[in-house]
Amino acid sequence: MGQFAGLLLDSIVSGILVGGFYAAMAVGISIAFGMLGISNIAHPALILLGSFIAYVLNSQFGLDPILIGVLATVPFYFLGTLLYSAYEFAFERRGTQLIRGLAFFFGLLFITEVGLQLIFGVDYRLVEAPYIGPSYNIGPVSLPVRMLIPFLASVLLLVGLQIFFARTFTGRAIMAVAQDKFALQLMGAAPVRVKRIAFGLSTATAAMAGAFLIILQPVEPSMGRDYIGRIFAICVLGGIGSLPGTFIAAVIVGVAESITATFYGPSWSPAIAFGFLLIALVVRPAGLFGRA
Amino acid sequence: MSNGRFIALACLVGAALVGASMFVTNEYYVFAAYFVLQYVVLATAWNILGGYVGYVNFGTTAFLAIGLYSAAALNKWLDLPIPVLIPIAGLLCGAVGLAMGYLTIRLRGVYFTIATLALSVVVQTFITNWEYVGGSRGLYVMRPSEIPVFGSYVAYLFFLMTVLAVAAVVTARVIERSTFGFGLAAIRDDETAAAASGVPVLRLKLIAAAVSGTFMGMAGAPLPFYLTYVEPTSSFSLAYTVNSVAMPLVGGTTSWLGPVIGAVLLGTMQQAMTVLISSSVNLLVVGVLLVIFVIAAPNGILGLIRSMGGKKADPEANPLAAMLVAEKRSSQ
């Protein structure tokens, strides 16, 4: 195999692995924005908050970062329900959602970021775990375990959520609230309660995505905003509210970025997601797997 | 007050500011006042699209940086003076605003917002990879320490920014009272109803996006000379974006006065706090104020004053009616 083909294959594989992790980051937005119509642009900041929780518990008590991510979903769920209650009270009930709701979440993003900066400074932080470091090599392709673990955990997370949405009453109610709030009320479910649960779930995924992020790479507080464009690009491309679509779009973006980074240099890869976002918005706003 | 009188008054205030700056002995105050005026321009520009039309732009940083870097690059290449650089930067950013608007504003407003957020990342990527302006290492900008008429260079920059601030505020107010402005307000309140009533929705939104971008770019043009050193990380600081959003929302978005109040209040507060406490704490305060105001006082300080004074609702309460009245008047 030529050197070029080997390089290409290696960057495709690492793109798929990173893409799986992007899906875990994007799934929260897919729920909040796609199903509930809440443009929670503070989500990346919450992911960073999750990363720093993993950092603190890992460095203080030596807990496994994945375990921390799973445990942190509980407080994050309640944080999410609280945020939704505030949002519902201040904006949805008044009917002036868009501009002020966006400003509200932007304020939250900013407060979280500056708050983390005040506590942890601007240094890069990382976690320690036995699977960070080793790497399998299959021909020209290297499979770093610290990318493999977040990938597999992300796949599990998405499969679990998909089963929840398809099989449980609450899950189906969440899917329904996105389509017809009034009909849902007639079926005997309270839209606000359903949305509160869904938003809690959406923020809970941020705890896990945060743990995955800090396993993949060292983090610093202002990193979250680099992910905003990427995450929304994935959601729009995947089709608003579709979890399989989100996963496939995440892998596409991951591979495209990885190939760009390999052949043109990593400093160009942030522009890729934006390109995808613009193309998706201009050509097909409903996304690859959207209903519209 | 008629537009003519307002323009005369705004010019008088501007002249008074410039006059006062010449008598200030401590240059720091002129420096700080420049910072506040720059935010008057940015907040007013943001409000033309955000407040009047209801389309949220989170890419102030991107527009400002395009203005900043185009000025820095053209200055390095052709050694152009700032008064020439300002309109060039404005044109460039107006075009970017128009293009962004054309691509995304036809969809739901939130897509435009997301695209503007992503725009900052992309522009930063390009600037970081642009070796001519120093890439990530940054670029020093030479400026003479003395300049005829104004004396110090900072006083000259202050004069330029005052002109921009007066121009921005006058533009905002003229738009607000025009048929164009009533059309924008109608879109803000109900886009479908506005379109059904014959408001050329897409065209008005695109013009507003272009005007807003133009002023943001123009505000960026003198910035390299103010800072004397530009580099991507601080040029793309989220502070510019959060301030230009927070200032109109704190002041009140439906009138030209709101962003001015917000910029003067928050701008002065930040200058004082940067000196007294630290710059990250003051950004935290801006974020907290933004959240408090959007929840507790959705119409900003102006809204609070209005509700306290118990004045009856302004014509903006029913912009479509106001526009029809204005059109009837002009056709007679």
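Predicted model: local features only at pLDDT ≥ 70, side-chain atom pairs only at ≥ 80, totals over all residues.
Colleague: Why does Ala209(A) count as buried?

Modeller: Buried takes 20 or more other C-beta atoms within 10 Å, exposed means 12 or fewer, and partly exposed is in between, with C-beta atoms placed from the backbone. Ala209(A) has 31 such neighbours, so it counts as buried. Ala209(A) sits in helix 8 of chain A; helices are DSSP runs of H or I of at least four residues, strands are E runs of at least two, and both are numbered from the N terminus.

Colleague: What is Ala209(A) in contact with, leaving aside its neighbours within four places in sequence?

Modeller: Its partners are Ala24(A), Met25(A), Gly28(A), Ile47(A) and Gly50(A). In contact means that the two C-beta atoms, placed from the backbone, lie within 7 Å.

Colleague: And why is Glu27(B) called partly exposed?

Modeller: Count again: 14 other C-beta atoms lie within 10 Å of Glu27(B), so partly exposed is the label. Glu27(B) belongs to helix 2 (residues 27-50) of chain B. Leaving aside neighbours within four places in sequence, Glu27(B) is in contact with Ser152(B) and Val154(B).

Colleague: What makes chain B as compact as a globular protein of its length?

Modeller: Chain B has 16 helices and four strands. Its radius of gyration is 20 Å, close to the 20 Å that the globule rule gives for 332 residues, so chain B is as compact as a globular protein of that length. That radius is taken over C-alpha atoms, and the rule is 2.2 Å times the number of residues to the power 0.38. Also, 50% of the 332 residues in chain B are buried.

Colleague: How do you know that the span of helix 3 (residues 60-78) of chain B agrees with what it should be?

Modeller: The expected span is 1.5 Å times one less than the number of residues. For its 19 residues that should be 27 Å, and the end C-alpha atoms are 27 Å apart, so it agrees. Helix 3 of chain B is mostly covered, with 14 of its 19 residues buried. Just after helix 3 of chain B, Asp79(B) takes a positive phi of about 60 degrees.

Colleague: What makes up the side of chain A that touches chain B, by class?

Modeller: First, 35 residues of chain A are in contact with 34 residues of chain B. Helix 4 of chain A gives the largest share of chain A's side, 15 residues. By class, that side has 25 nonpolar, seven polar and three charged residues. Nonpolar covers Ala, Val, Leu, Ile, Met, Phe, Trp, Tyr, Cys and Pro; charged covers Asp, Glu, Lys and Arg; the others, Gly among them, are polar.

Colleague: Which residues does Ala118(B) touch, not counting those up to four places away in sequence?

Modeller: Ala118(B) touches Ile228(A), Gly229(A), Ala273(A), Phe274(A) and Leu277(A).

Key:
Residues numbered from 1 in each chain as written. Chains lettered and ligands numbered in written order.
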